[in-house]
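Please keep the sequence and the structure in view while reading.

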Amino acid sequence: MTLELTPDELLSTTRAVRKRLDFDRPVPRTLIEECVDLATQAPTGRNRQRWHFLVVTEDAQRRRVADIFRRAIAVAEGQPLRANDIRRMNMYPDSTAKVFDGLRYLLDNAHRVPAYVIPAIEGRTDHASVQVQAGTWGSILPAVWSFMLAARARGLGTVWTSAQGPLEGELAHTLGIPHRDVMLAALIPLAYTIGTDFRPARRIPRAQVLHWNRW
């Protein structure tokens, strides 16, 4: 059963959910499989379909992933932000504070997340050209976004995190992923949402991001 959302409502209300994840309600395997089926209908470079989705629901393995998640975030928090990033964050201080508050809440409850989804793609972009990077990421990002939209339509919440980055090798080893040949694209908590009434977020005005013919 899916929510009664128009395409525009689905696109504008699929939020990064941290505080409103229901940690006490298991996510049926069939729902996750439906989301993956829809994800793999996304466009893919040269139709190579190099994507993979590793889903972690087993208790001991979830605890291992949660531990890596927490430690990886701690590493990432020590990395400096660019001046433009800081400026944009300061434009909406209330929203930024909510994001970090939600992240702390999620980390405190990381071991309770009922499912983790780790999208991956064959081929690595370490030291690759912009062309190779664009082709690789362009073949996994649409699929993952489709997965997240499909999850939202089924009353599930997700949040894209890049927490796998600092400890990608350790996470890959924990999950039995051939790290030399496969790149982990994200680490995504998945759960039912507490309520389904999500709204569009405040965003930078269109005039600041839309360019016609020239920058």
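## The start of the chain

M1 lies in the segment before α1, where helices (H or I, at least four residues) and strands (E, at least two) are DSSP runs numbered from the N terminus. M1 is exposed, with a relative accessible area of 95%; exposed means over 50%, buried under 20% and partly exposed in between, with a 1.4 Å probe and protein chains only. Apart from neighbours within four places in sequence, M1 is in contact with A153 and R154, contact being heavy atoms within 4.5 Å. From M1 to T125 the distance is 38 Å in space, C-alpha to C-alpha, and 124 residues in sequence.

The model is predicted: local features need pLDDT of at least 70, side-chain atom pairs count only at pLDDT 80 or more, and totals for chains, interfaces and linings use all residues. Residues are numbered from 1 along each chain as its sequence is written, and side-chain values use heavy atoms, with hydrogens and water left out.

## Helix α7 and its surroundings

Helix α7 covers residues 141–153, 13 residues in total. The helix reaches 18 Å from its first C-alpha to its last, close to the 18 Å expected at 1.5 Å a residue; the expected span is 1.5 Å times one less than the number of residues. After α7 comes G155, which has a positive phi near 80°.

Which residues of α7 are buried? They are A143, V144, F147, M148, L149, A150, A151, R152 and A153. These buried residues pack against the helices α1 (7–13) and α2 (29–39), and against the strands β1 (51–56), β2 (115–122), β3 (156–158) and β5 (188–192).

## Two nonpolar cores

A nonpolar core is a set of buried Ala, Val, Leu, Ile, Met, Phe, Trp, Tyr and Cys residues joined through side-chain atoms within 4.5 Å. The largest such core has 30 residues, and F69, Y116 and I118 have the most contacts inside it. Two or more residues each are given to this core by α3 (59–77), α5 (93–108), β2, α8 (168–175) and β4 (182–184). The largest share, six residues, comes from α3.

Beyond its neighbours within four places in sequence, Y116 is in contact with a list of residues that includes L54, V55, V56, R62, V65, A66 and F69. A110, L187, I188 and P189 are also among the contacts of Y116. A second, separate core has 25 residues, among them C35, A143, V144 and Y192. Two of these, A143 and V144, are also among the buried residues of α7.

## Salt bridges

Side chains of opposite charge can pair when their charged atoms come close. A salt bridge is a side-chain nitrogen of Lys or Arg within 4 Å of a carboxyl oxygen of Asp or Glu, and by this rule there are 11 salt bridges. In one of them, K19 pairs with D101, with the closest N and O atoms 2.5 Å apart. This pair links distant parts of the chain, since K19 is in the loop between α1 and α2 while D101 is in helix α5, 82 residues apart. K19 counts as partly exposed at 42% relative accessibility, and D101 counts as partly exposed at 31%.

D101 also forms a salt bridge with R104, the closest N and O atoms being 4.0 Å apart. Because R104 and D101 are three residues apart in helix α5, about one helical turn separates them. R104 is partly exposed, with a relative accessible area of 48%. In helix α2, E33 and R29 are four residues apart, about one turn of the helix, and they form a salt bridge whose closest N and O atoms are 3.0 Å apart. E33 is partly exposed at 37% relative accessible area, whereas R29 is exposed at 66%.

## A loop glycine

Where is G45? G45 is in the loop between α2 and β1, and its relative accessible area of 25% makes it partly exposed. G45 and G135 are 90 residues apart in sequence and 6.2 Å apart in space, C-alpha to C-alpha.
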